[in-house]
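Here are my notes on the model, in numbered points. Have the coordinates open while you read.

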Amino acid sequence: MLNKNVDLNGKMILVTGAAGFIGANLSRALLGMFENIRIIGIDSLNDYYDVSLKEYRLEQIRQEEKAASGEFIFQKGNLADKGFIDQIFQKYQPDVVVNLAAQAGVRYSITNPDAYMESNVIGFYNILEACRHSYDNGNRGVEHLVYASSSSVYGSNKKIPYATEDKVDNPVSLYAATKKSNELFAHAYSKLYDIPSTGLRFFTVYGPAGRPDMAYFGFTDKLVKNETIKIFNYGNCKRDFTYIDDIVKGIVEVLQRSPHSNEDGVRYKVYNIGNNQPENLLDFVEILQEELKAAKVLPEDYDFERHKELVGMQPGDVEVTYADVKELEEDFGFKPSTSLRDGLRKFAQWYQGYLADIFA
């Protein structure tokens, strides 16, 4: 059971990872939907991928801000810098916190583990500590903490679709382990300090201005350059691709309802947000190249077969992701619904208009 008790109008919202794919789209949506909302967006603007794309997203937020009654305040900083986080909380006293900042990517976690421990573990701990102390000295405290988890926590789970009640004790990557640790930390802080917290397990988020390290974006970059794309596990993978607008809608719904105490007296909840429809990777790349041709990113006579290579599974990957979203639907009356073709069409149109000339 959920409590409809978080009115976002006029509230101070902290969004970490505000220049990231999900964070930027969420910030824009919040500005457009609620009156007199103030958003404190923080991001380290690291160079994991092209910083110009992050700056582009920030500019999109500023354009949205011009037409809104609310305000977007950007602060550059690192979650692992406890002093920085404490200053943000002391100065702005956020009512709601959305922690989306994290070092993403399964494969990158194999070669650069330090980045994951710093951002995903120490950074999240700093957020939790700041939420805890937001109640000190008579302050009103954080009404709701919402944070990004990941479908990767399910590891090599053989039971599909993945349900939040499934055991997730066998991560197959450090990234997955850090995300599971976030859920454990949040539960402990919810129990000890009565911080209402909701974790969201995102399933393969994609769309315009997304992350260049994701398959659909990386494949497009390579195809435009006439390079070969590698399709892992010989194409025998399925992914529950979830369009960015669906993800943002889900987050906004969740933000407005903090969890009641569960049977253990803890104000804590975790949901899956996925399209509830896994797609075969070979079908995915077929649709992608069709939409890239339709958007004139690729020429109509482009020989796609010459540019794909089937290779083995990468360490840390899993064969299938598949979200059971019945709890999300029951509690919020919402489930993602954008088809893969519609989502990839919007991505291809965006790419043609903004990035095709850069990568040509």
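1. A quick definition before the details: helices are DSSP runs of H or I with at least four residues, and they are numbered from the N terminus. Keep in mind too that this is a predicted model. With that naming, look just past the end of α7, where asparagine 226 adopts a positive phi of about 60 degrees.

2. Staying with α7, which spans residues 215–224: the helix is mostly covered, with eight of its ten residues buried. Among them are Tyr216, Phe217, Phe219, Leu223 and Val224, and Asp221 is on the buried list as well.

3. What lies 9.5 Å from valine 224, C-alpha to C-alpha, yet 75 residues away in sequence? That is proline 299. You'll find proline 299 in the loop that runs between α9 (281–294) and β15 (308–310). Its relative accessibility is 44%, so proline 299 counts as partly exposed.

4. Now the sheet. Seven strands make up an open sheet, ordered β4-β3-β2-β5-β6-β7-β13, with parallel pairing. At the edges sit β4 (71–76) and β13 (268–273), each of which pairs on one side only. On average, neighbouring strands here are turned by 20 degrees against each other, ignoring direction.

5. Zoom in on β5, residues 96–99. Val96 and Val98 point one way, Val97 and Asn99 the other, and all are buried. On one pairing, β5 runs parallel to β2 (residues 12–16), joined by four bridges, and asparagine 99 is the bridge partner of threonine 16. β5 also pairs with β6 (residues 144–150), again in the parallel sense and over four bridges; there, valine 98 stands opposite valine 146.

6. On to charges. As a reminder, side chains of opposite charge can pair when their charged atoms come close. The salt-bridge count for this model is 19. The next points pick out a few.

7. Within helix α5 (residues 113–133), glutamate 129 and arginine 132 sit three residues apart, about one turn of the helix. Their side chains meet in a salt bridge at 3.0 Å, N to O. Are the two ends buried or exposed? Glutamate 129 is buried at 8% relative accessible area, whereas arginine 132, at 28%, is partly exposed.

8. Glutamate 183 and arginine 201 also form a salt bridge, with 2.7 Å between the closest N and O atoms. This pair links distant parts of the chain, 18 residues apart: glutamate 183 belongs to helix α6 (residues 174–193) and arginine 201 to strand β7 (residues 197–202). Both residues are buried.

9. Finally, arginine 341 and glutamate 291 have side chains that meet in a salt bridge of 2.8 Å, N to O. Arginine 341 is in helix α11 (residues 340–354) and glutamate 291 in helix α9, so the pair ties together parts that are 50 residues apart in sequence. Arginine 341 is partly exposed at 32% relative accessibility, while glutamate 291 is buried at 6%.

Technical notes: Residues are numbered from 1 along each chain as its sequence is written. This is a predicted model: local features need pLDDT of at least 70, side-chain atom pairs count only at pLDDT 80 or more; totals for chains, interfaces and linings use all residues. Side-chain values use heavy atoms; hydrogens and water are left out. Buried means under 20% relative accessible area, exposed over 50%, partly exposed in between (1.4 Å probe, protein chains only). Helices (H or I, at least four residues) and strands (E, at least two) are DSSP runs, numbered from the N terminus. Two strands pair if DSSP finds at least two bridges between them. Axes are lines fitted to C-alpha atoms, for helices over the stretch in contact, and angles run from 0 to 180 degrees between N-to-C directions. A salt bridge is a side-chain nitrogen of Lys or Arg within 4 Å of a carboxyl oxygen of Asp or Glu.
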